[in-house]
Amino acid sequence: MSRDRGPRWPRRLDRSALIAASVTALFLTASGCVVVHGEREILPSATRAEAVKALEKFTSAYNRADKAYDASADAAYTTGALGAIDAARLTAGRANNPDGNPSHQPLKLTDAKFTIPKKAGWPRWFVADALGNKGGDLRWVLVFTRDGLDETWQAAYLTLLSPDDVPEFRTDSDGWAEAVAADSERLAVPPAELSKEYATYLQDGGDTFAPGAQTSAWRAQRAKATRPGLATQYIDEPLTSGDFAPLALRTKDGGALVFFTTRHFEKQTAAQSASVPAPNKDVRALTDGEIKQSLTMEFVSNEVALNPAKGSGEDQVTVLARVQGLTSAKGA
């Protein structure tokens, strides 16, 4: 888990809506058993059969968890941003519906496509995108990762993309994709710096990111949040370590599709003569303390962005989509 430090406000792990995831590989040769060290050899992160199985196991666990509102049912199959968001959603659901999810509809993923990079070292990871029975014609884009050969594949990122927004990836003659190093200087912004740049942009603006729903429009929406009797403050933080590390795939045009995570705090403070608007029951289920004059909500958000190649003529990062979930709240 991340060890990024929190802000000055009281916190745990995030509001808005809780939404509607040194090891060796052995190769047998004619002369015997050859040990190939996964931390040094450039190998496909998974076989295509392994990727198919990982998606199936995740979907099955996700459905069990959603039906029972049981966070333990899919905890072994999620991590990172998706793990934090999903666990909070299920915890709130169980608090309000102890007998399970009355609106449960099993998730079905079809037309699955897998983009598997060749790389050295751990974690190994790959991207799956599929058509879901929820979200219209949007593609469910999941990033699966694991830190060892004997570990379970876990979904770390989940975003929903229009089919036209899923880019073409650069692949070799065998169809394996290319992972981009977090510190790559061949992009407009190194993937390792995207989370910090995005948090800074949300606070101060700038021209690092192209205008859009998750950038300029979101800033404009925040600017209108404060109203008479109620002040709203925001703090945005990068999340970059451990299971929240960014992951990037080279696109056919030389840029990269980057998955990254941020953390956001929204504090509502009422004037002495007013009160904070009553939050919905899911927010209340994740709130510690009594809400008197203020409510501080913490969110985890995972983003996916197109990061252009340096020197391509494009210099702004385009945030394609963002999935955010409340993970905790504090009343005072």
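This is a predicted model: local features need pLDDT of at least 70, side-chain atom pairs count only at pLDDT 80 or more; totals for chains, interfaces and linings use all residues.
At 2% relative accessibility, Phe209 counts as buried, because the limit for that class is under 20% relative accessible area. Phe209 forms an edge-to-face aromatic pair with Tyr198, with 5.4 Å from centre to centre and 70 degrees between the planes. Tyr198 belongs to helix 3 (residues 191-204), whereas Phe209 lies in the loop between helix 3 and helix 4 (216-223), so the pair ties together parts that are eleven residues apart in sequence. Tyr198 is buried as well, its relative accessible area being 0%.

The wider setting is as follows. The secondary structure of the protein chain amounts to five helices and 15 strands. Of the 332 residues in the chain, 47% are buried. The chain exposes about 15,900 Å², and carbon and sulfur atoms supply 49% of that area.

A search of the whole structure finds nine aromatic pairs. One of them joins Phe58 and Phe144 in an edge-to-face arrangement, at 5.9 Å centre to centre and with 85 degrees between the planes. This pair links distant parts of the chain, since Phe58 is in helix 1 (residues 48-68) and Phe144 is in strand 7, 86 residues apart. Both Phe58 and Phe144 are buried. The two residues also belong to a cluster in which ring pairs link Phe58, Tyr62, Phe114, Phe126, Phe144 and Trp153.

Strand 4 and strand 6 pair in the antiparallel sense over five bridges, and Thr115 has Val127 of strand 6 as its bridge partner. Eight of the nine residues of strand 6 are buried, so this strand is largely enclosed by the rest of the structure. On the way to strand 7, strand 6 pairs in the antiparallel sense over eight bridges, and Ala130 has Trp140 in strand 7 as its bridge partner. The hairpin of strand 6 and strand 7 has six residues between the strands, and there Gly135 takes a positive phi near 95 degrees. Strand 7 (residues 139-146) is in turn joined to strand 8 by seven bridges, the two running antiparallel. Within strand 8, Thr159 stands opposite Val141.

With a relative accessible area of 28%, Pro123 is partly exposed. Leaving aside residues up to four places away in sequence, Pro123 touches Thr145, Arg146 and Asp147. The C-alpha atoms of Pro123 and Gly148 are separated by 7.2 Å, although the two residues are 25 residues apart along the chain.

Another hairpin is formed by strand 11 and strand 12, with five residues between the strands, and in it Gly254 takes a positive phi near 100 degrees. Four bridges join strand 11 to strand 12 (residues 256-270), and the two strands run antiparallel. Leu249 has Leu257 in strand 12 as its bridge partner. In strand 11 (residues 247-250), Leu247 and Leu249 point one way while Ala248 and Arg250 point the other way, and all are buried.

The charged end of Arg222 sits over the ring of Trp218, 4.5 Å from its centre. Arg322 also lies over the face of Trp218, at 3.6 Å from the ring centre.

Methods. Residues are numbered from 1 along each chain as its sequence is written. Side-chain values use heavy atoms; hydrogens and water are left out. Two strands pair if DSSP finds at least two bridges between them. Rings of Phe, Tyr and Trp (its six-membered ring) pair if their centres lie within 6.5 Å; planes under 30 degrees apart count as stacked, over 60 as edge-to-face and the rest as tilted. Buried means under 20% relative accessible area, exposed over 50%, partly exposed in between (1.4 Å probe, protein chains only). A charge sits over a ring if NZ of Lys or CZ of Arg is within 6 Å of the ring centre and within 35 degrees of the ring normal. Accessible areas come from the Shrake-Rupley method with a 1.4 Å probe; for residues, only the protein chains shown count as cover. Contact means heavy atoms within 4.5 Å.
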